[in-house]
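I opened my notebook today to get to know a new structure. Here is what I looked up, entry by entry.

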Amino acid sequence: MLEFDQAQAQLADAAPAPTRTETVSLAEAPGRVLAVPLDATLDLPPADNSAMDGYAIRHADYQPGARLPIQQRIYAGDMPRPLAPGQAARLFTGSLIPEGADTVIVQEDTREADGHVEITEAPRALGQHIRRRGEDTRAGRPLLAAGTVLQAAHVALLASQGLADVQVYAKLRVGVLTTGDELVPPGAARATQQIYNSNASMLGALVRGIGAELTQALHARDEESDLQAALQTLVDDCDLVLSVGGVSVGEKDLVKPAIESLGGELTLWKVRMKPGKPVALARIEGTPLVCLPGNPVSAYAVFAVLVSPMLRRMQGRTEIHPPLSRAALRIERPRQDSREEFVRVQAHALPDGGMELTPYGNQGSGVISSLPWATGLARLPADVLVQDGAQVPYYDLRHWLA
């Protein structure tokens, strides 16, 4: 069996870089991956402006008790006249600073009457309360790097530069193949010996949740010809194929021979992890195929910690591995396993700023109710007796599934 870190790296290394790009409007940009680096084209602010409501003066004109005539009132969007010596300009947040002014006095430190303003508090510094041209962005300087996943904050920055659209990578096209004669789709009639196909719906949601496109979701019976036809359809239409089940060593685990019949070859098979040992990586006609274990919990965990970095690289993202934290694992008795174990846990903040992890009571790979309960996965080392309170790596699903 391959060690987990090796398997994770091997899957990521097998991910081809994206080549297809498209231009989308800013309204369509959130969640998309920037395909080209962008430099600022404008200074922001484009001119010195006031950070406060108040009065613009020449700092040299301030004297205790002085009353300065108000030369003009400047609203945001107005073009001011130059400020004459010994006078003040009434302005508001965002108003341009008139030529000649170098300091803003906030209105709370003034009294206005009879067309004059009296400054009741001395300015603390020359240039106070002025936003300087270019203090936010400078034309020609880097704005955003290629591989950035665009969110509302990035959209605000792009819009501030006057950009109405942006070049992004085309959405990653993912196909899902579920297998098994015992499965029926949700909503259909079910016989006693059958179960509902939860993997198809789950993987579709996981694919969309990470920002990819679910191109097709097919189901094949446990017949090699059915599997061949479904795999070929997905390979022809998708950038990546995820299959679920049928890749172990049972009599009806026919995915491996179906792959080989299409000219594919497994380059990774079995990972030293629990849940999720039967994981495979293949390539058919240049399209990568990841075979996930059939148990829904195992498929979910493997997607989160093994497959998601691969998808992020295929999307063109710069960051493919979300940050890991460490936290104290709370367990009633010591745990030890021959495989690395990814335990479903809930994270709880502690008063001292730390964090502790509480495992779900039943860690069986078929216990689907543990998935909406869990906030993440705690990684326990193989062949080590893990005691209560041990500090272990924590995979926060908010980040690993995004």
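**Entry 1: salt bridges.** I began with the term itself: a salt bridge is a side-chain nitrogen of Lys or Arg within 4 Å of a carboxyl oxygen of Asp or Glu. Before counting, I noted that this is a predicted model, in which local features need pLDDT of at least 70, side-chain atom pairs count only at pLDDT 80 or more, and totals for chains, interfaces and linings use all residues. I also noted that residues are numbered from 1 along each chain as its sequence is written, and that side-chain values use heavy atoms, with hydrogens and water left out.

How many salt bridges does the structure hold? I found 19. I looked at R398 and D396, whose side chains meet in a salt bridge at 2.6 Å, N to O. For accessibility I used these cut-offs: buried is under 20% relative accessible area, exposed is over 50%, and partly exposed is in between (1.4 Å probe, protein chains only). R398 is exposed at 62%, whereas D396 is buried at 10%.

Next I looked up R138, which forms a salt bridge with D43, with 3.6 Å between the closest N and O atoms. R138 lies in the loop between β10 and β11 (142-144) and D43 in the loop between β2 and β3, so this pair ties together parts that are 95 residues apart in sequence. My helices (H or I, at least four residues) and strands (E, at least two) are DSSP runs, numbered from the N terminus. R138 is partly exposed, at 34%, and D43 is buried, at 15%.

R73 pairs with E112 in another salt bridge, the closest N and O atoms being 3.2 Å apart. R73 sits in strand β5 (residues 67-74) and E112 in strand β8, so parts 39 residues apart in sequence are tied together. R73 is partly exposed at 40%, and E112 is partly exposed at 38%. I also noted a network of salt bridges that links E3, R272 and D383.

Entry 2: Leaving aside neighbours within four places in sequence, D109 is in contact (heavy atoms within 4.5 Å) with E118, I119, T120, E121 and R124.

Entry 3: I wrote down the division of the chain: domain 1 (4-20 + 171-315), domain 2 (25-44 + 136-169), domain 3 (49-131) and domain 4 (325-401). These bounds come from an automatic or database domain assignment. The C-alpha centres of domain 3 and domain 4 are 60 Å apart.

I then turned to nonpolar cores, meaning sets of buried Ala, Val, Leu, Ile, Met, Phe, Trp, Tyr and Cys residues joined through side-chain atoms within 4.5 Å. The largest has 45 residues, and V290, F303, L306, V307 and M310 have the most contacts inside it. Helix α6 gives the most to this core, with 13 residues. Domain 1 and domain 4 both give residues to this core, so it lies between them. Apart from this core lies another, of 20 residues, among them L227, V241, A258 and C291.

**Entry 4: cysteines.** How many disulfides does the structure hold? I found zero, taking a disulfide as a pair of cysteine sulfur atoms within 2.5 Å. The sulfur of C238 has its closest cysteine sulfur in C291, 14 Å away, which is too far for a bond. C238 is buried at 5%, and C291 is buried at 0%.

Entry 5: Most residues other than glycine have a negative phi, and most peptide bonds are trans. I found a cis peptide bond from L44 to P45, with omega near -10 degrees, and another joining K274 and P275, with omega about -5 degrees. H129 is not a glycine, yet has a positive phi of about 60 degrees. D383 also has a positive phi of about 60 degrees without being a glycine. D383 is found in the loop between β25 (376-380) and β26 (391-396), and is partly exposed at 46%.
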